[in-house]
Amino acid sequence: MNSERITYIQSKNKWFNIKFKELWYYRDLIILFVKRNITTSYKQTVLGPLWIVINPLLSTTVFTVIFGVIAGISTDGMPQFLFYMSGNVLWGFFSNCLNKGSITFLGNARLFGKVYFPRLAIPISEMIYYFINYMIQMTVFIGLVIFFSITNPAVQANITLCFVPLMVLQIALLGMGVGLIISSITTKYRDLNILVSFGVSLWMYITPVVYPVSRIPGNLRKIFLLNPVAPVVESYRHAFLGCGTFEWKFWLVSLAVTGVIVFAGLLVFNRAEKNFIDTV
């Protein structure tokens, strides 16, 4: 009996027509894209994949010198390097998912114009690739947490660690969702693509990556925590280090906002992929 699967390619008329089952059928292609990213990211480099660890260590060192030593910003009694590393690792994962997702159409126009496959395979593969990077960085971070917890009793992990996997998943989906929205809009308006890097940098500074929420004046704190990334970073840091607070109310709001953004991202992505090849 012939068990070959037949795929029908037809025009999309529905306003929301994401075939998640089809993505599962193309899982081998997604894995292939992930392997391609791993191979090409550090091709012709001396240190190769070591840059996955070196990059956050270097940026954390810069944060420690500028914001900790020179600016003297409080870290709630935590070792400065560990405090900045906690925010840097999670923020780096988010910003990578966002940045790569935002160039899905412009960066893969030639490939999309030659062969059919679910277009969502690209941003999903990017998210998986950066999740692998995150897990490597996370291993280093956990090692630092263990070391500092031995030398500094103020560093104490707590039960909030149970929510960390959900926080990481949320950050990945939020970054991808925002990236899909930007990618869909930039098929017609290229100006937005130029502003993405500036916007991500600005977003970082309104997120408690290099400062604790306790340093924000009380009347502005609630406004800052409405930033969907802010309560995640604060709660993530609280889980591993014990500093700050678990902002669960704002985190629930952040989860709801993430759901809306992901749905909106899938919606506009679905609409844009119908005719983007004519505008890119």
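This short talk goes through the aromatic rings, the charges over rings and the cysteines of the structure shown above.

Before the details, please keep in mind that this is a predicted model, in which local features need pLDDT of at least 70 and side-chain atom pairs count only at pLDDT 80 or more, while totals for chains, interfaces and linings use all residues. Residues are numbered from 1 along each chain as its sequence is written, and side-chain values use heavy atoms, with hydrogens and water left out.

Let me begin with the aromatic rings. A pair of aromatic rings is described by the distance of the centres and the angle of the planes. Here, rings of Phe, Tyr and Trp (its six-membered ring) pair if their centres lie within 6.5 Å, and the planes count as stacked when under 30 degrees apart, as edge-to-face when over 60, and as tilted for the rest. Searching the whole structure gives 16 aromatic pairs. One of them joins Tyr 129 and Tyr 130, an edge-to-face pair with 4.9 Å from centre to centre and 65 degrees between the planes. Tyr 129 is buried, at 4% relative accessibility, and Tyr 130 is also buried, at 12%, where buried means under 20% relative accessible area, exposed over 50%, and partly exposed in between (1.4 Å probe, protein chains only).

Another pair, Tyr 236 with Phe 240, is tilted, with 5.1 Å between the centres and 55 degrees between the planes. Both residues lie in helix α11 (residues 230-241), four residues apart, which is about one turn of the helix; helices (H or I, at least four residues) and strands (E, at least two) are DSSP runs, numbered from the N terminus. Tyr 236 is buried at 1% relative accessibility, and Phe 240 is buried at 8%. Elsewhere, Phe 63, Phe 67 and Tyr 205 form one aromatic cluster.

Next come the charges, where a charge sits over a ring if NZ of Lys or CZ of Arg is within 6 Å of the ring centre and within 35 degrees of the ring normal. Arg 27 lies over the face of Trp 24, 4.3 Å from the ring centre, and the charged end of Arg 237 sits over the ring of Phe 83, 3.8 Å from its centre.

Finally, how many disulfides does a search of the whole structure find? The search finds zero, with a disulfide taken as a pair of cysteine sulfur atoms within 2.5 Å. For Cys 162, the closest cysteine sulfur is in Cys 243, and because the distance is 18 Å, this is too far for a bond. Cys 162 is exposed, with a relative accessible area of 58%, whereas Cys 243 is buried, at 5%.
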